[in-house]
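Subject: Structure handover

Hi,

Here is the structure I promised to pass on. Please open it alongside this note.

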Amino acid sequence: MKKRIYLFAAIAMTAMQLQAQRITLDTYIGAQLATEDLNGTARYVGMGGAMESLGADISTIGTNPAGMGLFRHTQVSGSFGLVSQSNGKSFQDGSKTNASFDQIGVVFSTRSGMHSYLNFGFNFHKNRNFNHVLSAAAQAVNGSSQNRQTCIKGIRGDLDTYYGESQVDNLYDKMIVEDGVMYTIDSKDYQFDRAQTGYIGEYDLNLSGNVKNRVYLGLTVGIKDVHYNSYTEYSENLAPVLDGINFVGMKDDHRITGYGFDIKAGIIVRPVEESPFRFGVSVASPTFYKLTTRNTSSIHDQYGMQKEVRSDADFRLNTPWKFGLSLGHTVGNYLALGASYEYADYSTIDMRTIDGSGYDWDGYYYENSSSDRVLKRHTENTLRGVSTLKLGAEYKIDPTVSVRVGYNYVSPMYKTTGVRDQTLDSPSTYMASTTDYTNWKDTHRLTAGVGFSFDQFRLDLAYQYSMRDGDFYPYQNGLSASYIDAEGQTKTLTNECRSVGVKDNRHQLLCTLSYSF
């Protein structure tokens with residue numbers, strides 16, 4: 001059914017392009033950039049990441065830097081493997097199975113006393129692997145549609161603001177406005193597909209050491225390199241109308257690049273000289289990102305008519321502080337046990353607009369940024385603190401063969417009431433190029449591994465199975481507005497959608513080769 005809503009387009013395309021320079025990420029995309037995967041060396045992954053107090057593995061350089069202080073020999077290592085998604089379908093550049101280069105690093109160990117060492121380390125590892133495909137489809141609820149959402153926002157006055165309308169709304173304006181009149185057309189169903197690719201690479205430089213083999217200290221400075229690519233296709237099959245539109249398809253190509261830095265510090269203490277038991281404490285500063293976002297969005301109907309908009313901008317993103325506690329214990333030279341706990345409050349993620357930049361009188365470049373306060377409140381209401389529990393064990397069958405098992409649990413980041421609010425008075429909303437969102441639940445990771453020693457060489461293999469479920473929404477549920485129709489009657493227009501259950505289950509095979517001397 002085709003409804004006429006008398007609404008004149010208030011924001012021109014040129015105005016949208018001028019305001020696009022204030023664009024920031026929204027809560028849901030920002031959360032993806034702030035989180036990390038369980039990745040690193042095969043030994044670290046095989047033990048579920050529970051090596052913060054056990055140390056002597058180069059992957060602890062980014063979790064508890066004091067773990068690097070337990071090295072007694074110089075070591076070089078490199079890791080690579082395969083990651084396969086067990087659900088979804090391959091789409092565009094997104095594939096269910098991908099090869100991955102995951103880690104390369106070196107630690108130089110030097111003796112600084114009878115029982116003390118001073119170590120220097122450098123490591124690269126893939127902090128975040130964005131490769132992921134997602135598909136969702138459902139019947140429309142009471143004719144709800146994405147074009148109806150644009151119409152409702154127009155009635156509410158959400159399109160006539162300082163920031164202007166979003167790219168999605170702008171495209172629907174161009175497609176469904178005739179002679180200054182906006183139409184809303186009932187939808188029968190929708191289909192959504194997304195292909196994500198890219199990664200966040202982390203480059204860590206570490207200084208660590210120990211005092212009399214009892215206290216271990218470490219400091220790591222990290223630089224992160226962001227490459228995020230997301231391609232989506234969304235289509236609605238609309239209710240048949242006479243000489244009108246019965247199909248609308250949208251495409252969005254979104255890319256984010258940039259860099260950031262953080263500082264991590266840690267300490268490990270062996271409280272009893274005669275016992276190998278030790279505990280550790282670590283803290284990581286926020287990662288301070290400077291990022292650039294670029295995207296191209298287009299809309300087309302069944303006749304092939306297409307409209308397109310583009311935008312790009314720079315912005316800043318600060319991730320939360322992270323705190324960690326860990327325990328480690330060894331029995332003889334054949335058993336190692338580890339347990340770690342980490343906490344980060346993701347409701348404190350701060351996405352910032354760049355207000356101005358230039359050079360001062362001394363010729364130094366400066367840049368001013370400010371927090372998007374409206375978006376910050378939304379983030380506080382959508383995300384929450386996350387606890388990560390790591391448990392791991394390693395058993396040496398003989399001096400040359402070790403077996404490992406681990407478990408890694410991450411509590412939910414998204415509140416069950418979380419919504420990608422399309423009415424926020426924020427540039428991140430009004431310049432949005434998509435409207436979908438997924439409230440992911442907790443993550444369970446099961447790991448196992450095996451290691452082989454050959455004199456100074458070591459080969460480690462690991463397997464990781466990661467599981468999480470989520471609730472997908474194509475657009476905001478329950479948005480409504482009242483208007484007066486052509487007969488002078490007051491009517492209410494409501495847009496509803498039900499969540500669609502989606503899964504993100506992954507298999508990872510990882511291999512690490514290392515050489516000690």
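Below is what was found in it, from the whole chain down to single residues.

Overall picture

First, a caution: this is a predicted model. The chain carries seven helices and 27 strands. Its radius of gyration is 26 Å, close to the 24 Å that the globule rule gives for 517 residues, so the chain is as compact as a globular protein of that length. The C-alpha trace spans about 90 × 55 × 35 Å along its principal axes. Of the 517 residues, 57% count as buried.

The largest pocket

The largest pocket has a volume of about 930 Å³. Its lining is made up of 36 residues. Nearest the centre are Arg43, Ala56, Glu394, Lys396 and Arg458. Six elements are listed as giving two or more residues to that lining: β15 (335-345), β18 (385-398), β19 (401-410), β21 (443-454), β22 (457-467) and β27 (506-516). By class, the lining splits into 14 nonpolar, 13 polar and nine charged residues.

Helix α2

Helix α2 covers residues 27-34. Eight of its eight residues are buried, so the helix is largely enclosed by the rest of the structure. The buried residues are Thr27, Tyr28, Ile29, Gly30, Ala31, Gln32, Leu33 and Ala34. Look also at the start of α2. There, a side-chain oxygen of aspartate 26 comes to within 3.1 Å of the backbone nitrogen of tyrosine 28.

Threonine 97

Threonine 97 has 42%, so it counts as partly exposed. This residue sits in strand β3 (residues 97-111).

What does threonine 97 touch, leaving aside its neighbours within four places in sequence? The contacts are Val83 and Ser84. With serine 84 there is a polar contact, side chain to side chain, at 3.0 Å. Glutamine 85 is 12 residues from threonine 97 in sequence, and the two lie 6.3 Å apart in space, C-alpha to C-alpha.

That is the handover.

Best wishes

Conventions
Residues are numbered from 1 along each chain as its sequence is written. This is a predicted model: local features need pLDDT of at least 70, side-chain atom pairs count only at pLDDT 80 or more; totals for chains, interfaces and linings use all residues. Side-chain values use heavy atoms; hydrogens and water are left out. On a 1 Å grid over the protein atoms alone, a cavity is a set of points where a 1.4 Å probe fits but cannot get out, and a pocket is an open set with protein on both sides within 12 Å along at least five of seven lines; lining residues have an atom within 4 Å of a point. Grid points are joined across faces, edges and corners, and a volume is the space filled by probe spheres set on the points. Helices (H or I, at least four residues) and strands (E, at least two) are DSSP runs, numbered from the N terminus. Ala, Val, Leu, Ile, Met, Phe, Trp, Tyr, Cys and Pro count as nonpolar, Asp, Glu, Lys and Arg as charged, and the others, Gly among them, as polar. Buried means under 20% relative accessible area, exposed over 50%, partly exposed in between (1.4 Å probe, protein chains only). A polar contact is a pair of N or O atoms within 3.5 Å; within protein, one must be able to donate a hydrogen and the other to accept it, and residues adjacent in sequence count only if both atoms are side-chain atoms. Contact means heavy atoms within 4.5 Å. The radius of gyration is taken over C-alpha atoms; the globule rule is 2.2 Å times the number of residues to the power 0.38.
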